Amino acid sequence: MAARLAASRIVHAGRGISQPTPFGKRMDRLSNRVWGEVVMPTDTKSLKVVRVMSAEPYETKEQLSPKYYPNLPMFHYLTKMLRFHGLFFDDHVVFRDVQDNLKIIRGKVVRPPIGQGKRAQLRGKK
């Protein structure tokens, strides 16, 4: 019988917190302050601002740091070396090589140096 009374006392002690009484409102605000939540009830726009400002900064996120991404120039060089030794086969690179060879056979310039492309040749004719 004593255990039942103790449980009911706990329920009665917390009853005032969620009630719309001045004491319940003050306790709710104090609880929000303690746990770092929004103290006063606000609208959704203000809550969005709170959520954005309380989020972790982009600089500290591991996915967005420069260390997260692989060293692309090194990977490019490694795949070129593996292709050269015959250990790696890339269909797209082979396709580009074939297309470049076909352009050279037709007498076209594949990748002209900077300043010697089509527009520069047109300017030279004037």
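I began at Gly86, which takes a positive phi of about 80° just after helix 4. Helices here are DSSP runs of H or I with at least four residues, strands are runs of E with at least two, and both are numbered from the N terminus.

I noted that this is a predicted model, in which local features need pLDDT of at least 70 and side-chain atom pairs count only at pLDDT 80 or more, while totals for chains, interfaces and linings use all residues. Residues are numbered from 1 along each chain as its sequence is written, and side-chain values use heavy atoms, with hydrogens and water left out.

I then checked the length of helix 4 (residues 72-84): its 13 residues at 1.5 Å a residue should span 18 Å, and the end C-alpha atoms are 18 Å apart, so the two agree. The expected span is 1.5 Å times one less than the number of residues.

I turned to helix 2 (residues 22-34), where Asn32 lies. Asn32 counts as buried because its relative accessibility is 12%, buried meaning under 20% relative accessible area with a 1.4 Å probe and protein chains only. I found its side chain reaching the backbone oxygen of Val38 at 3.2 Å. Just after helix 2, Gly36 takes a positive phi of about 75°.

For the protein chain as a whole, I counted six helices and zero strands, and of its 126 residues 5% count as buried.

Last, I looked at the largest pocket, which holds about 200 Å³ of space. A pocket is an open set of points on a 1 Å grid over the protein atoms alone, where a 1.4 Å probe fits, with protein on both sides within 12 Å along at least five of seven lines; lining residues have an atom within 4 Å of a point. Its lining includes Lys108, Pro112, Gly117 and Gln121.

Technical notes. Grid points are joined across faces, edges and corners, and a volume is the space filled by probe spheres set on the points. Buried means under 20% relative accessible area, exposed over 50%, partly exposed in between (1.4 Å probe, protein chains only). A polar contact is a pair of N or O atoms within 3.5 Å; within protein, one must be able to donate a hydrogen and the other to accept it, and residues adjacent in sequence count only if both atoms are side-chain atoms.
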